Amino acid sequence: MVYKTIDEANQAVAAKIVAGSPFLLDVVPAKSVIQELNEGKVLLHAGPPITYDKMVDPIQGACVGAALFEEWCETEEEARKMLESGEVKLIPCHHVNAVGPMGGITSANMAVLVVENKTDGNRAFCTMNEGIGAVLRFGAYSDEVITRLRWMRDTLAPVLSAALKTKEDGLNINVLVAKAIAMGDEFHQRNIAASLAFLKEMAPIIVGLTEIDQTKREEVVQFLADTDQFFLNIMMASAKAVMDGARQIQEGTIVTAMCRNGHEFGIRIAGMGDEWFTGPVNTPQGLYFSGFSEADAAPDMGDSAITETFGVGGMAMIAAPAVTRFVGSGGFYDALNTSNEMTEICIDTNPNFPVPTWDFKGICLGIDARKVVETGILPVINTGIANKKAGLGQIGAGTVTPPIDCFEKAVLAYAKKLGFTE
């Protein structure tokens, strides 16, 4: 279909976002659903394309951890030599229908969530949340980290897979999102309600899986109960599935992806398909855990800004006033001001997800790159702050914005495509 105006195309893209219907179907080895991971030594990473030498230390550390997890080598030294030589192929998660938190490093035998957008029939994938502390996504690669990843592969994934398969159509994610947004989640920094709602759905089923060893079932239920951010990765895969369905309309200026690799921030817009528009990444501003400061912080990283692209996270700050203090953004009225400002760069609100603390207005819908350039207002992204040294984990939480360069480049490229400029 050819649209008469950019506004008409944007409305069509927004309509597909509203119509999106993500269902969590399964948890499987990444190589079983991402063909590229079967083609030798391959790792997926967050953000737009990048080479190993330009990766920040936490992402390089995560690559080392993945190499050890896959048993490509036995030591850190061997892993770094392999990575530095170019023996390992690096592919952005977004290029294979996937997303990854922080470093986003994903390898063949890691377990991934499988989410299907039943409206458009497309699927998206994301690794599961590891919990807090020393974790791969922040660049840790100790024995503790590798052991946990193998437990997730060998125990957590099979148990959740068996539980999800008892649901004929999978687990309806929109229902959980609508429920949790009314309970104070914004789905990037705060997922407590959604993670508990997920546990509420899964626990009775897991208990009834008597063919699985009881100890394994108990371990899985306990892990889900302990992991407040477990739903984040489900939200990421769901947002990716919906936004990929929406960008099947390859017209207009609606932003369909935002991501960071610690070096560059990249966006895509509907009218430019798979092309990335990049600019230098910023360092998050926020609150630091005791003993840390901005001097310890790594530049922004991760594919989790797909949540803001969809309309939650920092775009829905008002849904989770409790988060504002955690990310150093003030109080309730600061959250209200942030969300009100975000409406100035979006074309509508999404009626599927009304926010009680916003007088039941729906979350922001459809970031328009033109409006960003015109107003100078940048999307607000809630994020964890990683230590700039691999393996030391999260040191705080805050907010970050993309460089405006990304949006200017995207709008100019689309104008050129339409013949408005030379």
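Which cluster do ring pairs link together here? The rings are those of Trp151, Phe198, Phe223 and Phe230. Some notes on this and other spots follow.

1. Ground rules. This is a predicted model, where local features need pLDDT of at least 70 and side-chain atom pairs count only at pLDDT 80 or more, while totals for chains, interfaces and linings use all residues. Residues are numbered from 1 along each chain as its sequence is written, and side-chain values use heavy atoms, with hydrogens and water left out.

2. Aromatic pairs. A pair of aromatic rings is described by the distance of the centres and the angle of the planes. The rule used here takes rings of Phe, Tyr and Trp (its six-membered ring) with centres within 6.5 Å, and calls planes under 30 degrees apart stacked, over 60 edge-to-face and the rest tilted. The count comes to six aromatic pairs. Phe198 and Phe230 make a stacked one, at 5.6 Å centre to centre with 25 degrees between the planes. That pair links distant parts of the chain, with Phe198 in helix H6 (residues 192-207) and Phe230 in helix H8 (residues 230-246), 32 residues apart. Helices here are DSSP runs of H or I with at least four residues, strands are runs of E with at least two, and both are numbered from the N terminus. Phe198 and Phe230 are both buried; buried means under 20% relative accessible area, exposed over 50%, and partly exposed in between (1.4 Å probe, protein chains only).

3. A lysine over a ring. The charged end of Lys118 sits over the ring of Phe23, 5.2 Å from the ring centre. The test for this is NZ of Lys or CZ of Arg within 6 Å of the ring centre and within 35 degrees of the ring normal.

4. Positive phi. Met102 is not a glycine, yet its phi is positive at about 50 degrees. It lies in the loop between strand S4 (98-99) and strand S5 (111-117), and Met102 is buried with a relative accessible area of 7%. Phe187, also a residue other than glycine, has a positive phi near 75 degrees. Phe187 is found in the loop between helix H5 (173-181) and H6, and counts as buried at 0% relative accessibility.

5. A salt bridge means a side-chain nitrogen of Lys or Arg within 4 Å of a carboxyl oxygen of Asp or Glu, and the count comes to 18. In one of them Lys41 meets Glu87, with the closest N and O atoms 3.4 Å apart. Lys41 lies in the loop between strand S1 (22-29) and strand S2 (42-45) and Glu87 in the loop between helix H3 (76-84) and strand S3 (89-92), so the pair ties together parts 46 residues apart in sequence. Lys41 is partly exposed at 27% relative accessibility, and Glu87 is partly exposed at 44%. Glu201 and Lys167 form another salt bridge (3.3 Å, N to O). Here Glu201 sits in helix H6 and Lys167 in the loop between helix H4 (143-164) and strand S7 (171-172), 34 residues apart. Glu201 is partly exposed at 27%, and Lys167 is partly exposed at 24%.

6. Where do Asp300 and Arg260 stand, buried or exposed? Asp300 is buried at 2% relative accessible area, and Arg260 is buried at 0%. Their side chains meet in a salt bridge of 2.6 Å, N to O. Asp300 is in the loop between strand S11 (285-288) and strand S12 (301-302), Arg260 is in strand S8 (residues 255-261), and they are 40 residues apart. Elsewhere, salt bridges that share partners join Lys240, Asp244, Arg247 and Asp274 into one network.

7. Four strands form an open sheet in the order S10-S9-S8-S12, with antiparallel pairing. Two strands pair if DSSP finds at least two bridges between them. The edge strands, each pairing on one side only, are strand S10 (277-280) and S12. S8 and S12 pair over two bridges in the antiparallel sense, and Arg260 stands opposite Gly302 in S12.

8. Thr253. This residue is found in the loop between H8 and S8 and is buried, with a relative accessible area of 1%. Contact means heavy atoms within 4.5 Å; leaving out residues up to four places away in sequence, Thr253 touches several residues, including Ile6, Asn10, Ile269 and Tyr414. The side chains of Thr253 and Asp368 are joined by a polar contact of 2.6 Å. Such a contact is a pair of N or O atoms within 3.5 Å; within protein, one must be able to donate a hydrogen and the other to accept it, and residues adjacent in sequence count only if both atoms are side-chain atoms.
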